[in-house]
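Visitor: Please show me the model, and let us then discuss some of its local features in turn.

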Amino acid sequence: MLTHYLILQFKLLNRNFRDFGLHPLLAYMLIFGAIAGLGALGFQRQPEYAPYITIGLCALLQMRLSQKQRSDFLNIVYGDKTKRLIRIIENLIISTPFVVLLLFENQYIAAMMLPVVSAIMALIDFNSRSFVMPTPFSKHPYEFVVGFRKTFLFIILVYGLTVISVCVNNLNLGLCSVFALGVVCAMYYSKVENEYYVWIFAESPNKYLTHKILTAIKNTFLMTLPMIALLTAFFPENWWIVLLVTAIGMIIVITFLLAAYSAYPGEIGLMELFFIGLTLVPPFVLVVIPYFYVRSLNRLKNTLV
């Protein structure tokens, strides 16, 4: 029964990759490559804090599998003993690339700690419905309201890195934090709302997109404002770099938003991701954003007047 469950989850994961437009093998290579590349960069820039950040990121990923609703379902279907064994195996699988990264960086103590932390995480259930987390975005649902609550712990981590960047006098770490938060905000638009919620807007596609873009810019700026203020206060001579990185993050948010509606009512596919990647090369921004905007207008014409 345990083996059957793990094989089923593996097949479902591969199916999700294919639905997203990626071959499973390529998807796994990209995931491992991203972990290795970002990990190597982190150990190069901040070798003192990188092991703790690595363990923290792994724990954040594992928390998504420790939701109480999911644990209750596994308990009903498989029983408490098998459920905990499943959760331990899942967490150990997730921790594997992080352990390899720590071993590669000669962080043997952290590499031994991570499986222990993963096993402990498997024994804890996190109840996301125990309280309703207030957000500063209640007037403009739903992307930032839902996204803020789902990524709250990651936001705390990014803000913590910003504080660390000030303490160690490392502006680059703070800039990476601002950029990372912009990417997180962009991911809030990975899934768009149901057609009915677009239809009730009762305005033209152009006004709808303008409203969504202005809301995204305002909420992203609100999310990053404390980080901007902190970095500009302690690195006043580099204030323009902080604002430039913030602007780049907002451009990514806008691009992701338009990419989502350019595929509406479907989801972002491999082609959209390719064009999003092009926005990291400055000249292509002037082409990609108008391209997505025009496609979004055409897609929304079937739903809006």
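Visitor: Is valine 145 buried or exposed?
Guide: Buried means under 20% relative accessible area, exposed over 50%, and partly exposed in between, with a 1.4 Å probe and protein chains only. Valine 145 has a relative accessible area of 12%. Valine 145 therefore counts as buried.

Visitor: What kind of model is this, and how are its residues numbered?
Guide: Residues are numbered from 1 along each chain as its sequence is written, and side-chain values use heavy atoms, with hydrogens and water left out. Local features need pLDDT of at least 70, side-chain atom pairs count only at pLDDT 80 or more, and totals for chains, interfaces and linings use all residues, since the model is predicted.

Visitor: In which helix is valine 145 found?
Guide: Helices are DSSP runs (H or I, at least four residues), numbered from the N terminus. The run that holds valine 145 covers residues 143–150. This helix is α7.

Visitor: How far apart in space are valine 145 and threonine 82?
Guide: In sequence, valine 145 and threonine 82 are separated by 63 residues. From C-alpha to C-alpha, their distance in space is 35 Å.

Visitor: Is asparagine 169 buried or exposed?
Guide: Asparagine 169 lies in the loop between α8 (152–167) and α9 (171–187). Its phi is positive, about 60°, although the residue is not a glycine. Because its relative accessibility is 58%, asparagine 169 counts as exposed.

Visitor: What is the phi of asparagine 106?
Guide: Asparagine 106 is placed in the loop between α5 (80–104) and α6 (108–122). Although asparagine 106 is not a glycine, its phi is positive, at about 65°.

Visitor: Which helix gives the most to the nonpolar patch?
Guide: The nonpolar surface patch, of about 730 Å², includes Phe179, Trp239 and Ile248. Phenylalanine 179 is in helix α9, and α9 and α12 (239–262) each supply at least two residues of the patch. With five residues, the helix that gives the most is α12.

Visitor: At what angle do the axes of α12 and α14 cross?
Guide: Two packed helices are described by the angle between their axes and the distance between the axes. Among the residues that meet are Ile251 and Leu258 in α12, and Val288 and Phe292 in α14 (contact means heavy atoms within 4.5 Å). The axes of α12 and helix α14 (residues 282–300) come within 7 Å. They cross at roughly 35°.

Notes: Patch = residues over 30% accessible without salt bridge, like charges linked within 9 Å, V, L, I, M, F, W, Y side chains within 5 Å. Areas by Shrake-Rupley, 256 points an atom, 1.4 Å probe, with all protein chains shown as cover. Salt bridge = Lys/Arg side-chain N within 4 Å of Asp/Glu carboxyl O. Axes fitted to C-alpha atoms, helices over the stretch in contact; angles between N-to-C directions.
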